[in-house]
Amino acid sequence: MQFYSVFILALLGTNRAVVMSEGHPPAVLTRMNSVIRGIDLSSKLLSPVITGLIISFVSLKASAITFAAWATITAWVEYWLFIFVYSGVPAIARSNERRILRSRTKQVEGTDAPVSVSIAPGTEEGSTGNPPSRTGIWKILDRVSKSSFVGAWRIYFNQEVVLPGVSLALLFFTVLSFGTLMTATLQWVGIPTYIIGIGRGISATVGLAATFVYPLMQSRLSTLRTGLWSFWSQWSCLLVCVGSIWVKKDKLASYMLMAGVAASRLGLWMFDLSVIQQMQDLVSESDRCVVGGVQNSLQSALDLMAYLLGIIVSNPKDFWILTLISFSTVSLAGMLYTIHLYRIRNHIFHFEKIPLLNKCLFKLLPSRGNM
């Protein structure tokens, strides 16, 4: 039952993980998030490998038929898993009932609310006030401000975890990943396709390792501090990508770029898990779906902007510009998250917990006192 529950959560998303972990120690939610992310990353790792093997040793047509059959079969398997988990975990059904009840209550309150009509000065009959066009504009603005779209963003920005959420979303505005833009640049430089494939596999494996390291760090450092350390470890690895800009040998620069991106995946996915768990812990149940939807929308928008940036800077020779812009965006995300941590904790590091630094401070303080 637990295996099927975790597997279906990978399909449903992390919001349901919070419901299923209610009444359990916090470590259960941490582990569930890690397993869900591990399933996701494993699928991303295995899918291109299997596709490549079928294309290479059979044919492209066989690959298309295989995945069409796979999609048809798994659709029914997913449907069965949905029913199995919903019937086996009553907490999910109760959560849906509460959500439906809240939506109906809001609708009733909206229809029963008294409507007050006020006449603005200068709009009485026969008076020459503002032109009708201005009144129409204000009506449109009023409708827009009361729309569910604006309301969702208002709820998002009122959350305590808005800065971690924006920080995570900013990481999607980057070309420093084994996506189409970086892959095309590497091929233009002359890196063999199989080398790029190996690099992508190593990157996915490092990211998968994050799902095992994160629970260990989170249990020792807390979710908030794990996010800090994981983010800046990712940032440190990306310094190698920035350094590759000034390397004159194209092949060496490309390998440095690939190495930096692959190594940074450990910190990236640990930071991802940290932010997700903070949202699960701090966002109320009534706002959880709305906040999650806005977060996904923001991430998708910034991901799209990264591709638009690639269209604007389309020459592979100018990939260094995209690298610097991506690194600057990552740095901005890190500063936002650090500000959030300082706002919550009023400090960033526990310097007294660093043994070497602690000894140095004890040596310096008496000498200052003697002076």
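**The nonpolar patch and the cores**

Modeller: In this predicted model, helices α3 (26–57) and α4 (60–88) each supply at least two residues of the nonpolar patch. The patch lies on the surface and consists of Leu 46, Ile 50, Phe 67 and Trp 70, which together have about 420 Å² of accessible area. Trp 70 is placed in helix α4. Its relative accessibility is 56%, so Trp 70 counts as exposed, the cut-off for that class being over 50%.

In soluble globular proteins, nonpolar side chains tend to be buried together. The interior of the model may be described next. The largest nonpolar core has 54 residues, and those with the most contacts inside it are Leu 171, Met 182 and Leu 257. At least two residues of this core come from each of α7 (148–157), α8 (162–170), α9 (180–189), α10 (193–221), α11 (223–243), α12 (250–282), α13 (285–312) and α14 (319–345). Helix α12 gives the most, with 11 residues. Beyond its neighbours within four places in sequence, Leu 171 is in contact with Phe 231, Gln 234, Leu 268, Phe 271, Val 330 and Ala 333. A second, separate core has eight residues, including Ala 17, Leu 29, Val 85 and Val 89.

Helix α13 has 28 residues, which at 1.5 Å a residue should span 40 Å; the end C-alpha atoms of α13 are 41 Å apart, which agrees. Among the buried residues of α13 are Val 291, Val 294, Leu 298, Leu 302 and Leu 309, and also Asp 287 and Arg 288.

Terms used
Residues numbered from 1 in each chain as written. Predicted model: local features only at pLDDT ≥ 70, side-chain atom pairs only at ≥ 80, totals over all residues. Heavy atoms only, no water. Core = buried A, V, L, I, M, F, W, Y, C linked by side-chain atoms within 4.5 Å. Buried < 20%, exposed > 50% of the residue type's maximum accessible area, 1.4 Å probe, protein only. Helix = DSSP H or I, 4+ residues; strand = E, 2+ residues; numbered from the N terminus. Contact = heavy atoms within 4.5 Å. Expected span 1.5 Å × (residues − 1). Patch = residues over 30% accessible without salt bridge, like charges linked within 9 Å, V, L, I, M, F, W, Y side chains within 5 Å. Areas by Shrake-Rupley, 256 points an atom, 1.4 Å probe, with all protein chains shown as cover. Salt bridge = Lys/Arg side-chain N within 4 Å of Asp/Glu carboxyl O.
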